[in-house]
Amino acid sequence: MLILSLVIFAMPRLYIWLPELLWMCILKLWPGKAEDKLPWLPPQFDQSVEFPLPFLHGLIAAAYCENQAAARQSINYLITSTNQQKTASKAMLLIAAESFAACRSAGDIAAVREQLDWLPNELAGKITDCLELSQDTAAALEASSPYRQAQRLEHVCAKIEQRRNALASASAREATTLGGVLDQWQGILRTACRTLHETAKRSGELLQVYLPGPPLEPGKAGSLFKGRKDLFRHIESLLLSAQPPTLVMHGNRRSGKSSALRYLPKQMPSDILPLFVDCQGAAVSSSLHGLADRIAHQLISSARETHRLTLPAPDKEELRLDPFAALLAWLDAAEQAAPGKTFLLCLDEFERIDEIVTTTGSRAPLNFLRHLIQHRRRWLLLFAGEHTPEELSLHWSDCLINTRSLRVSCLDKDDALELIRRPVEDFPEIWQDEAAEAVWQLTQGQPYCIQLIGQEVIERLNKQKRRLAEADDVEAVLPTVFERGSEFFLEFWRSRSKEEQTLLAALAKREIITPDMTAAAPALVRKEILAQEQGGCAFKVPLLGRWIEGL
């Protein structure tokens, strides 16, 4: 009965729609400008038309190319005064897609967001992605120099690549339309990058390649990561032994532990899959459920990004009810997704797990890790942090068993000089021997400090339009180095005990060292903050002493 009622109700509208359909076909075939046809569209005479009208959204999009104001007025009319809201949305999506495809230069890409700022926020998804890429391009072109413009456009190209890969889950029509746009934009921006690099080279601007601060990523930093061959060789040897131990990689902050972990997959054989978990990020949660969920999420992301391996998602309900029991069950599914492979679980900043154990009063995270160590033959563990096992809280005493410690120290002189003089391939010879030696003497191979000084020397040379660094330049940038690296220096200082601070300050300011001060020396030597020398101790990294001297 309901169906019959609907048919009876629809029949009058159908009789009206058929002439309107014929009229749309006539308008489509009628010669002339699309904007001139807008007043003759059926919804202008019949506001209640509900059935779809072919060619309507395409005609409005074509009119937009001729008269934007008239086309936008027609779209607003369809939205506010008719039943053709879906047609209006299709017209706006088509206008956006055609505007994206019409871009022929980086400037066009930068301008398209402003041209389409009238589109409603409801048009989300891939259209919004393209508008954000346009905004990023506009910001990149506003950078202060050709090199910086090129550098920021390269980041936009990386984002485009991510958006391109995300189209794998889109509809075929969307993937075809927007995939072509993204490929076109990628080509345009890469050409712009090459042009800007050539412009920068002709202007004498030096490329800013040093990256102090965040861990180096293989996909972005490339050859900027130096050394650590002995460390990787040692890790591989231990992992391939008959009974692989649990590894504890320790070293001072900013010594390169996190960067080494990110470059580790490139050094491992194909049957060992390192998976990375940032415990500092995972410990943002204050609950066991949140920690387990973040660990699983990071493992899935690491497998996908590093090894192109798709791991199944854990059961959300089971994870909520019993987090680490669910995580153990999930490991079985992860193993089935990679038959014959051994997983290396790399826990960076692992000491942060202590915070969750203390907050919740539960040892479940530590019991989970102990279970992996003792009973999961296809899971090996690598803990990376600032402390050795002997320095950790009692929470870890029965978790870290059968461990092998690996110290991450400063780079040796050859690797340090390579980082100074040839941070990336094709880097010009800008360092005088005395200048490179001055950086080595100040840093003794501490990678963060090398990157920090290198960055500031490049800035100084570019400001002064020079291409050769002298020893005086290294000395001249130290005040800026201390300012820019203040977080690193302050963190180092605040993490020292009162007794250690007293000894370090006395050494830095060349004051008399009293016998009671020397009690703090063994711990500082063990931490490689001080080095034992004939007649006493000296700073392992003299730059730290220079900073303390200025306190």
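Serine 74 is buried, with a relative accessible area of 6%. Buried here means under 20% relative accessible area, exposed means over 50%, and partly exposed is in between, using a 1.4 Å probe and protein chains only. This is a predicted model, in which local features need pLDDT of at least 70 and side-chain atom pairs count only at pLDDT 80 or more, while totals for chains, interfaces and linings use all residues. Residues are numbered from 1 along each chain as its sequence is written, and side-chain values use heavy atoms, with hydrogens and water left out.

Where does serine 74 sit? Its place is in helix α3 (residues 68-81). Helices (H or I, at least four residues) and strands (E, at least two) are DSSP runs, numbered from the N terminus. Setting aside residues up to four places away in sequence, serine 74 touches Leu38 and Gln44; a contact means heavy atoms within 4.5 Å.

**The nonpolar cores**

A nonpolar core is a set of buried Ala, Val, Leu, Ile, Met, Phe, Trp, Tyr and Cys residues joined through side-chain atoms within 4.5 Å. The largest one has 78 residues, and those touching the most other members are Ile235, Leu382, Trp431, Ile453, Leu504, Leu543 and Ile548. Helix α20 (residues 447-463) supplies the largest share of this core, eight residues. There is also a second, separate core of 48 residues, which includes Leu53, Ile60, Phe100 and Cys103.

Let us look at one residue of the largest core. Beyond its neighbours within four places in sequence, isoleucine 453 is in contact with Val439, Leu442, Thr443, Val474, Val477, Val481 and Leu543.

**Aromatic pairs**

Rings of Phe, Tyr and Trp (its six-membered ring) pair if their centres lie within 6.5 Å; planes under 30 degrees apart count as stacked, over 60 as edge-to-face and the rest as tilted. By this rule the model has 15 aromatic pairs. Here are two of these pairs.

| Pair | Centre to centre | Angle between planes | Type |
|---|---|---|---|
| Phenylalanine 100 and tryptophan 185 | 5.5 Å | 80° | edge-to-face |
| Tryptophan 493 and tryptophan 547 | 6.4 Å | 70° | edge-to-face |

Phenylalanine 100 belongs to helix α4 (residues 85-101) and tryptophan 185 to helix α8 (residues 172-203), so this pair links distant parts of the chain, 85 residues apart. Phenylalanine 100 is buried, with a relative accessible area of 0%, and tryptophan 185 is buried with a relative accessible area of 0%.

Tryptophan 493 lies in helix α23 (residues 486-494) and tryptophan 547 in helix α26 (residues 542-549), so their pair ties together parts that are 54 residues apart in sequence.

**Two arginines with positive phi**

Most residues other than glycine have a negative phi. Arginine 254 is not a glycine, yet it has a positive phi of about 65°. This arginine 254 lies in the loop between β1 (246-250) and α11 (257-263), and it is partly exposed, with a relative accessible area of 26%. Arginine 254 also lies over the face of tyrosine 448, at 4.8 Å from the ring centre. A charge sits over a ring if NZ of Lys or CZ of Arg is within 6 Å of the ring centre and within 35 degrees of the ring normal.

Is arginine 308 buried or exposed? Arginine 308 is exposed, with a relative accessible area of 81%. Its positive phi is about 55°, although it is not a glycine, and its place is in the loop between α13 and α14 (316-321).

The twelve residues of helix α17 (residues 364-375) should span 16 Å at 1.5 Å a residue, and the end C-alpha atoms are 16 Å apart, which agrees. The expected span of a helix is 1.5 Å times one less than its number of residues. In α17, Pro365, Leu366, Phe368, Leu369 and Leu372 are buried. Why are they on the same side of α17? They cover an arc of only 160° around the axis, where the arc is that of the directions from the helix axis to the C-beta atoms. The buried residues of α17 pack against α13 (288-307), α15 (323-337), β3 (342-348), α16 (353-360) and β4 (379-385).

Finally, cysteine 279 lies in helix α12 (residues 279-282) and is buried, with a relative accessible area of 3%. Cysteine 279 and isoleucine 353 are 74 residues apart in sequence and 6.8 Å apart in space, C-alpha to C-alpha.
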